[in-house]
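Dear colleague,

Please find below the structure that I am handing over to you. My notes on what was found in it follow.

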Amino acid sequence: MLSTVLFSDSEAEWCPIPRWAEFLIQLGYSWPADVTQPRRVALISMPCDSAAAGLVALGAMIRDLCDPLANDVDGHYDRLLRYARQYLHACRPCEMKCNPQLARCGYSKQATGLLRSPFLPRKTVQISDETNFEERQIAWIQRDGQNNCLVRRRPQYMTDYHIDDEPPPQWYTADGELSAQLYHFIATAPFHPDNFRKSYSGLCLAGRTGGGKASREICASMRFRIGSGEHGLEDLITVHGWSDRNISRVSFFNARTAEFDRYVAAPRIVVADGDASFLKIAGQTEFQESNIVGVIHRIMERERLNALGDKMSALRQWYEPDEDMLLGLPEVPRGMSISILKRRHN
Amino acid sequence: MPATASLVFDFFENHPSFSIERHEIAMAAFGVLRRSMRSIVVSLRDGGDHEACETADRLRSSLSEWLTVPVPFDGAILAALQTIGSPVELEARWGRDIRNAFDSALCAAQSIQLIQNPIRERLRAVIRDLDVGGLPFRIYCHRTARAHFESLFTKPEDALLGEVTFLHSVCDYRDSDTFDTLIKVGPFRSWGWGSAPDAIKAAPRFGTLVQIVWAGCADEPGFGYDPVAPSASETTGSAAQAADESALGTRISWTQRVTRFGDDDGPTAGYSSEDDEFQVFGRLNQPGQKRRATLVQIDGEQGILYLPHSQVLSFDPATGTDVPVGHRLPGETLLPGMFVILPQHDDLDLGGSQIQAGFFSSVWKTRLAAEYMADPCGLVGRLKANGIRLLNLHSSVGRWSRTSSGVLPAPGDRCHFQMLIQVLRVGLDGVTPPKHEGGPWWQSAWNEIRHARGDAIQTGRHEHQLIDEELLGILGGLLPAIRCEAAATKAFPLVIPSDRALHGSFSFYKILSTEDGFLAPDTELNAVRELNTIYQWRA
């Protein structure tokens, strides 16, 4: 960990990054990224409430910044097509405005059919019936004063457009890029420079059951002094809407409303903040292939502790302790404990 | 100010081991009182009738309190015993053995009035020592027990407890900073009387735990549970905890020192687990007809018991909250500082269930009404003889024979219905509806009842949902008034505006605390009750 980075927890004095925080960042960073690896479920028990989940997400985000495949650009057009299909075939005719959980329609979020472009920041365009799914051609209606015109674009140029209320897949100008300097927590991290201007949804932070605001506040209580600037953890992990960053490298699942912040396929890793969030994620079908890292504090009622214990016991029917990964970790700070299970080979 | 994560981890680094100083107190007269009461409770619970169980619950509750709270030995103990009746009455109701045990308990209660409660003396000595040493300490106790701690130092020269911080709940403990010593009276249990957070042992914020406890009251096995407890070699004291072989970390290490005070040469020398009231009562107090409940305390005197997964209508006064009025889970999303909302309203006329009289019901109900009118006692006698053993069978038959309300009411049990049809001898005349597909007549009639019940339940659910939506709409419109009242007072009513479909009012109660660990019957749930009444349901 670089000594030039200073740390402050809940407005305490600045100090070098403490070992417990370093451990959590390192854990996120060293989490196996290879998709061929068996699914893993980890539970970290903390002796107090903290933004530990945010730190694990930060570590995993740094690792993703080094992965040339970790971006939303490559599958962007397919995603827009799926979104258009959902809008035209399911959401537009649907009478329930709109809760996919209640409608049980199988979608995680409502599709409004609106697209936005960084080049037209004050406008949205509406996906049109003229969209041809067989020819993979999205069409939309663009207003120009009093006139409406139908627009079709080639797929390769569609990275200019993104789903409304979501981060763009990439940013074209230098002012919207993330600064590599902010993420030099791991000295040896081999960053892939393109990633600093591309969004990514494969890493997900599942927030507290108190909602997005509670999750954001606890992350904001942890601050880093990097060079001459100060940054809250909520800013560094670039959850969409938590800061004024243009791109987002961590998607957010609101455990209270069970909604994603974006139209997203199953994330590769979910970091769950709190017991209720962990239990919700572990039982949600959308995440059944995702790696899960649950972070809890153990100052809670026995019933809630039992629910977690029962969940881990139930998982052991199909999972086994991941001794290789546990033994590869640095020494666990006193007061913290961690259990990692990996899916058994059939 | 809660301790930051860095402070807590630093604290752990500086404390390789934590210590428990267990002070076990014994006292002959109090031992007699305990044994006598325990034997009465066990006998009454074995006896089984409702009144006996209620009396046993009251005695169990009182004894549990005396074992976990530093109560003064004054007339209150004797008075609590006398509330269940006189020795003569007890003998008349439950026999000689109970009377003998009760006599012993009364005698012991009278004799201890002349003595100081040794738990209080020990507690006073411990607190004085900590104060002299300048060591910061906290006391963990239930909110209602606080007065008994404060009464230890009533003299001006002993004005110590003004500076003491009490911890009453998991939230209090979570929000506390680090300190030197935690004091706890009574055994460690995860719920019910003497309950405390497992985190006291799984995530200590203090170096020394002083536990003052009556002899024989053992801690609950496995207290200090951590679902990710590592199976490290450093285990003492809490070795009974389940270790997780897949977990990595350093288990919290405790060293325990037990000091015994006082003497009790009662009939059983020393105590075994058989004599531990909490284990004995735990076995007696199995859930049975009761359900687990969470207490939401709304002031110093009153509270409401909710099922743990109830969706409680509530208001969150915090500014900036996304959903100020909504349904929340007690203890999880319904937290101290928020307001419970209890609506009182007239019925909303939604048209009711459209259950029409069916073909079969019109036949059997007409026959039942005719036979009941002709010879009520004879009919009821025949039904009883055929095996329908219901209390108030007369009134049940009266209800079942009503044809004006459609298919229902009808017997709730399939066997009872079959017997009823056999007694009435209906369906033997060959008259069947056009779509009757064969099978016994009573079976088709029973299917008609089942369908009607399904409709009625569905209608009830639908109505409940509509009322709920209407209430939320009304509360949304009243938000400015609610905020204004909530800022000024802890409990207030609000009348539903007259232009709404529902008529009535809301009662708002500010939540003081929430507490798990109750086993209560359905009749005690979701209603405001005196805390003294509620505490008898503490497990």
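How many Å separate the centres of domain 2 of chain B and domain 3 of chain B, taken over C-alpha atoms? In this predicted model, the separation of those two centres is 36 Å. Domain 2 consists of residues 26-116 + 277-284 of chain B, and domain 3 of residues 291-349 + 473-535. The division of chain B also gives domain 1 (5-24 + 117-272) and domain 4 (359-458).

I turn next to the contact of the two chains. Chain A and chain B each contribute 38 residues to it. On the side of chain B that touches chain A, two or more residues come from each of α1 (5-14), α9 (170-174), α10 (199-202) and β6 (247-249). The largest share, six residues, belongs to α1(B). By class, this side of chain B comprises 20 nonpolar, nine polar and nine charged residues.

Strand pairing also links the chains: β17 of chain A (residues 337-343) runs antiparallel to β6(B), with three bridges between them. Among the residues concerned, A:Ser337 has B:Gly249 as its bridge partner.

Finally, the nonpolar cores. The largest has 145 residues, and A:Val56, A:Ala57 and A:Val271 have the most contacts inside it. Helix α2 of chain A (residues 52-65) supplies the largest share of this core, 10 residues. Leaving aside residues up to four places away in sequence, A:Ala57 touches A:Gly28, A:Leu203, A:Leu205, A:Ile237, A:Val250 and A:Val271. A second, separate core has 31 residues, including B:Leu471, B:Phe506, B:Phe508 and B:Trp537.

With kind regards

Key
Residues numbered from 1 in each chain as written. Chains lettered and ligands numbered in written order. Predicted model: local features only at pLDDT ≥ 70, side-chain atom pairs only at ≥ 80, totals over all residues. Core = buried A, V, L, I, M, F, W, Y, C linked by C-beta atoms within 7 Å. Buried ≥ 20, exposed ≤ 12 C-beta atoms within 10 Å, placed from the backbone. Helix = DSSP H or I, 4+ residues; strand = E, 2+ residues; numbered from the N terminus. Contact = placed C-beta atoms within 7 Å. Domains from an automatic or database assignment. Nonpolar A, V, L, I, M, F, W, Y, C, P; charged D, E, K, R; others polar. Pairing = 2+ DSSP bridges.
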